[in-house]
Amino acid sequence: MAESVVLDPVDLHLLRLLQNDARTTYRDLAAQVGVAPSTCLDRVTRLRRSGVILGHELRIDPAKLGRGLEALLSVQVRPHRRELVGPFVERIRALPESRTVFHLTGPDDYLVHVAVADMTDLQRLVLDEFTARREVARVETRLIFQQWDCGPLLPPGQALPKPAEQA
């Protein structure tokens, strides 16, 4: 398990701002946090080097790409052995419909978030790419009606700095 990094209120404020908009300039970040732009750059660089900031992601609306139906597939693999698990995960990750793959504890081994064109496409994906595999014992499908992003991720027990009250 990775060690956690000690963050002060300025670091936390920077993380909150960057998680809301990773394209914010260092000058704007510095102004919002109340530090010099060079200090802001140094702090963000340190957060990257320490592994707190892993990268920047481009978010795409699947519906705009013709993949308006999203689902979560709970997958049970049997036998659950490393020589089967590795190739299974790599195959699932390579599918253009796959968005995220989670390896789980409990009755299901994997949870796969997929985006497809429609119900027919979902049925094809489940039958041709999942249940057709010998190691897949069971697949349960749950449609996603709506999804919300949550607030920025912070260390346990540390609250977000409260925004200044507007008059």
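Analyst: Let's start with the cover: α1 (9-20) and α2 (26-33) are among the elements that lie over the buried residues of α3. Here, covering rests on contact, meaning heavy atoms within 4.5 Å, and buried means under 20% relative accessible area, exposed over 50%, with partly exposed in between (1.4 Å probe, protein chains only). Helices (H or I, at least four residues) and strands (E, at least two) are DSSP runs, numbered from the N terminus.

Please keep in mind that this is a predicted model, where local features need pLDDT of at least 70 and side-chain atom pairs count only at pLDDT 80 or more, while totals for chains, interfaces and linings use all residues. Residues are numbered from 1 along each chain as its sequence is written, and side-chain values use heavy atoms, leaving out hydrogens and water.

Which residues of α3 are buried? They are Cys40, Arg43, Val44 and Leu47. Because they cover an arc of only 95° around the axis, they sit on the same side of α3; the arc is taken from the directions from the helix axis to the C-beta atoms. An α-helix has 3.6 residues a turn, so residues three or four places apart point the same way.

On the face of α3 turned away from its buried side, you will find the exposed residues Asp42 and Arg49. After α3 comes glycine 51, with a positive phi near 90°.
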